[in-house]
Amino acid sequence: QGNKSTWSDGERPMVSDSPILVLDGSAARKRIEAALDQFRQIFPAALCYTKIVPVDEVVTLTLFYREDDALKRLMLDDAQAADLDRLWAELYFVSHEPLKLVDAFDQLWQFATQDADPSAFTPMREPIRKRAAKFREELVAAEPGQIEAIMNFAAQAWRRPLTTADKDELRALYRRLRTQELPHDDALRMTLARVFIAPAFLYKLETPKAGKTQAPITDTELAARLSYFLWSSAPDAELAALAAAGKLRNPEALVAQTRRMSKDARVRRLAVEFGAQWLHTRDFDKHDEKSERHFPTFTSVRGALNEEPVRFFADLFQRDGSVLALLDADYTFVNGTLAQHYGIAGVTGDEWRRVDGVRAQGRGGLLGFGATLAKQSGASRTSPILRGNWLSETLLGERLPRPPKGVPTLPEVPPAGLTERALTEKHSSDPQCAGCHARIDPFGFALERYDAIGRWRTKDAAGLAIDTRTRTLDGTELDGIDGLRNYLLTKRREAFTRQFCRKLLGYALGRGVQLSDQPLIETMQARLAANEYRVAVAIELIVSSRQFCEIRNREHPAID
């Protein structure tokens with residue numbers, strides 16, 4: 001016998017078109033009917049309404065339509081349901097929904113009195129007005145708590161516990177604004193503005209002690225230094241609480257917090273502010289110096305090129321990877337856009353993922369980042385000079401003299417029959433230029449397999465063969481990115497690790513590295529070499545150092 005079950009919310013019946021065949025009066029029929037009854041009890045008639053508020057109505061009393069009762073019953077435990085109710089209560093409170101409902105009711109009443117009998121709405125008037133009156137009382141009762149919230153926020157924004165004088169000043173400002181007949185909300189906003197314009201928020205203030213010797217900074221100041229080093233932001237609750245209790249200076253606690261924060265997702269800010277800034281790729285997604293005629297796909301891929309170094313550095317810090325992975329990693333991070341740009345198969349869509357075994361495709365480490373290769377290129381061609389100079393100064397820390405005046409600028413497009421390398425070699429033959437170019441050009445020649453937007457190539461734009469064989473100033477012969485990588489890892493490893501330590505230390509301290517910092521840099525290099533070059537070794541040495549934990553006092557000489 002066919003059985004059609006009708007289930008309706010009163011307006012739109014739902015009918016099953018597929019019959020369920022059972023014997024009339026059988027146990028199977030009773031079991032299925034019981035199951036259908038249970039289903040109807042659990043699930044509402046509809047979970048999606050195409051028109052929450054009728055579009056042809058000018059005024060409605062349903063300002064916020066809540067339809068999550070069934071989902072709350074089915075999917076949330078008691079704690080989650082309470083949290084959802086709290087969020088709704090906050091929405092009603094912030095939006096002043098009970099007060100707006102009074103206005104909506106008055107408008108609806110006026111419409112009804114014009115061409116209809118308003119008596120149907122009469123019973124609603126008093127409950128709506130009583131609820132509004134109660135809400136006004138709640139607003140007034142909430143004012144002291146909101147002022148206290150300003151105090152709590154100020155302590156976070158100023159990165160230290162508030163003194164009694166701080167609190168008195170903020171409260172006095174609020175009271176003064178209220179006496180000027182400003183509403184509570186406006187007075188509260190003005191008080192909050194005072195928090196944001198205070199020097200304690202705008203600057204990382206530290207108080208030196210009297211005398212000529214260095215002295216430890218306070219735990220609160222140490223927490224701020226650590227948090228801005230690793231997260232570029234104010235300390236979180238755990239770090240601030242530890243500092244307030246005077247326990248952060250304990251070496252074990254300081255290292256423990258450093259490790260916790262390094263594994264946190266917020267260490268991405270260190271990847272951006274230190275890593276990308278060091279490599280000169282920060283904000284590469286806004287780079288607009290490429291010829292659209294020569295590279296029409298560049299604007300669509302520059303965002304992905306910008307993201308790759310950030311994800312690489314963030315992974316390095318979170319995983320406590322080797323500093324040498326910056327040179328010899330056989331992996332990188334790509335999404336579908338970047339994978340297509342690099343010619344890496346098997347990666348599609350917007351989701352980012354780690355891909356291993358990429359050296360075979362000319363990637364792996366910072367030498368293969370498309371962002372660095374593209375940034376150190378011209379608008380329409382590569383530049384061995386720019387790439388070589390970047391590698392020499394940025395990665396190895398070498399100081400090169402400025403080019404002499406009157407040196408001609410190379411053309412954006414090489415003359416017919418000349419590769420970018422040949423054009424560079426012709427330019428570098430000038431005796432005034434040869435000395436510096438002998439130091440930097442070989443590095444750039446080794447990277448000539450990459451075009452001006454970082455793509456791998458076998459021939460240049462004119463179809464000419466590319467030669468990546470070269471000889472460095474010290475006589476080492478190498479070929480391409482693999483030869484350059486091996487050269488940096490062997491003959492120039494010490495220079496590379498020293499530069500990494502110098503840059504990381506300078507970033508952590510927020511100042512230029514000085515001669516007095518050299519012993520710490522040497523210790524960092526030695527510890528890295530003895531501990532598989534794990535990056536946490538360098539970070540923990542910095543945060544435990546005198547430079548990081550102490551401050552010059554008022555009478556301390558400006559130069560060590």
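Tutor: First, a definition: buried means under 20% relative accessible area, exposed means over 50%, and partly exposed lies in between (1.4 Å probe, protein chains only). This is a predicted model, where local features need pLDDT of at least 70, side-chain atom pairs count only at pLDDT 80 or more, and totals for chains, interfaces and linings use all residues. Residues are numbered from 1 along each chain as its sequence is written, and side-chain values use heavy atoms, with hydrogens and water left out.

Student: How many aromatic pairs does the structure hold?
Tutor: Rings of Phe, Tyr and Trp (its six-membered ring) pair if their centres lie within 6.5 Å; planes under 30 degrees apart are stacked, over 60 edge-to-face, and the rest tilted. On that rule the count is 22.

Student: Are the rings of Phe229 and Tyr507 stacked, edge-to-face or tilted?
Tutor: Their centres lie 6.3 Å apart. The planes meet at 55 degrees, so the pair is tilted.

Student: How many residues apart in sequence are the parts that Phe229 and Tyr507 tie together?
Tutor: Helices are DSSP runs (H or I, at least four residues), numbered from the N terminus. Phe229 lies in α9 (residues 219-230) and Tyr507 in α21 (residues 493-509). The pair therefore ties together parts separated in sequence by 278 residues.

Student: What kind of pair do Phe274 and Phe313 form?
Tutor: The ring centres are 6.3 Å apart. The planes stand at 80 degrees, so the pair is edge-to-face.

Student: What is the relative accessibility of Phe313?
Tutor: Phe274, in helix α12 (residues 268-279), is buried at 3%. Phe313, in helix α13 (residues 298-319), also counts as buried. Its value is 0%.

Student: Which ring does the charged end of Arg266 sit over?
Tutor: A charge sits over a ring if NZ of Lys or CZ of Arg is within 6 Å of the ring centre and within 35 degrees of the ring normal. For Arg266 the distance to the centre is 3.9 Å, and the ring is that of Trp231.

Student: Is Met75 buried or exposed?
Tutor: Met75 lies in helix α2. Its relative accessible area is 61%, so Met75 is exposed.

How values were computed: Helix = DSSP H or I, 4+ residues; strand = E, 2+ residues; numbered from the N terminus.
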